[in-house]
2 protein chains.
Amino acid sequence: MAYVLQVDFPMDGPFGEEMTESFAGLAASINEEDGFIWKIWTEDSQEKLAGGIYLFETKETAQKYLEMHSERLIDFGFETVNAKIFAVNEGLSKITHGPLK
Amino acid sequence: MAYVLQVDFPMDGPFGEEMTESFAGLAASINEEDGFIWKIWTEDSQEKLAGGIYLFETKETAQKYLEMHSERLIDFGFETVNAKIFAVNEGLSKITHGPLK
C-alpha cells in the first residue's frame, strides 16, 4: 500500500523559476531514494512556505526519508518542518483518479 | 499552473475498506467539481485522521472547493479542518515524476 508524505516549512525564497534552478540537482537525487515513487514540489511565495507531496511504496520508506530530509533541512538552516504521513485509501483514490504510480 | 490542496481532520472512522464503502458516492461527486484534476484519499487509523491531497487547475478553484468542503465537513460534525493551498513548482515536479494531470 502506498503512503503519502506531506511536508512544508517556512522559506524566504527563492520561488518559481529561481527555485527550480536552485533545487534541480537535489530533485534528481530524490529519485534515487528507497521506496520513492513521485514528488510534487509546492510553494507559496506570499506566505513564504515551501514543501512537497511525496508518494512512497511503504510507511517505513516514507518515515526513513522524512527523518533524513528533516535533518537535511535543519542543516540548511530551516528550523520548523511540518510533516505528516498518511496511508492511501486506494479504493476511493481510484474513483477520483488519484495517481498511485 | 496547477495548485495542490492538502486537507486533514480528526475522524473516529471508518477507515480502510469500510471508509471506501462509506464515501464512494461522495468520491464520484468530487470528480464533477470545477477545476478538479485528481484526489488521493488519505487516512491514519492510529492517529484517527482522514484527509486528502487534491490537484486543481487554478488557485481560485482550489479555494472555492475548500470553502465548500469545509462547510460540508462542519455540517458532518467535524469541527477542526487543517488545510493549505500551494502553487506547484512544475519544473522541479517534472524532475521527480510528479503527476500534474
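Me: In S2(B), which residue is the bridge partner of A:Val88?
Reply: In this predicted model, S4(A) is joined to strand S2 of chain B, residues 36-44, by two bridges. These two strands run antiparallel. Within S2(B), A:Val88 has as its bridge partner B:Thr42.

Me: What is the area buried between chain A and chain B?
Reply: The size of an interface is often expressed as the accessible area lost when the parts come together. Here the contact draws 41 residues from chain A and 41 residues from chain B. Carbon and sulfur atoms give 61% of the buried area, which is about 3300 Å².

Me: Which residue of chain A forms a salt bridge with B:Lys84?
Reply: Two salt bridges are found across the interface of chain A and chain B. In the one formed by B:Lys84, the closest N and O atoms are 2.7 Å apart, within the 4 Å limit applied to such pairs. The partner of B:Lys84 is A:Asp8.

Me: How many residue pairs are in polar contact across the interface of chain A and chain B?
Reply: A pair is counted here if both residues have pLDDT 80 or more. Under that condition, the number of residue pairs in polar contact is 24.

Me: Which element gives the most to the side of chain A that touches chain B?
Reply: Several elements of chain A supply at least two residues each to this side, including strand S1 (3-10), helix H1 (16-30) and strand S2 (36-44). By class, the side has 22 nonpolar, 13 polar and six charged residues. With nine residues, the element that gives the most is S2(A).

Notes
Residues are numbered from 1 along each chain as its sequence is written. Chains are lettered from A and ligands numbered from 1 in the order in which they are written. This is a predicted model: local features need pLDDT of at least 70, side-chain atom pairs count only at pLDDT 80 or more; totals for chains, interfaces and linings use all residues. Side-chain values use heavy atoms; hydrogens and water are left out. Contact means heavy atoms within 4.5 Å. Buried area is the accessible area (1.4 Å probe) that two parts lose on being put together, summed over both. A salt bridge is a side-chain nitrogen of Lys or Arg within 4 Å of a carboxyl oxygen of Asp or Glu. A polar contact is a pair of N or O atoms within 3.5 Å; within protein, one must be able to donate a hydrogen and the other to accept it, and residues adjacent in sequence count only if both atoms are side-chain atoms. Helices (H or I, at least four residues) and strands (E, at least two) are DSSP runs, numbered from the N terminus. Ala, Val, Leu, Ile, Met, Phe, Trp, Tyr, Cys and Pro count as nonpolar, Asp, Glu, Lys and Arg as charged, and the others, Gly among them, as polar. Two strands pair if DSSP finds at least two bridges between them.
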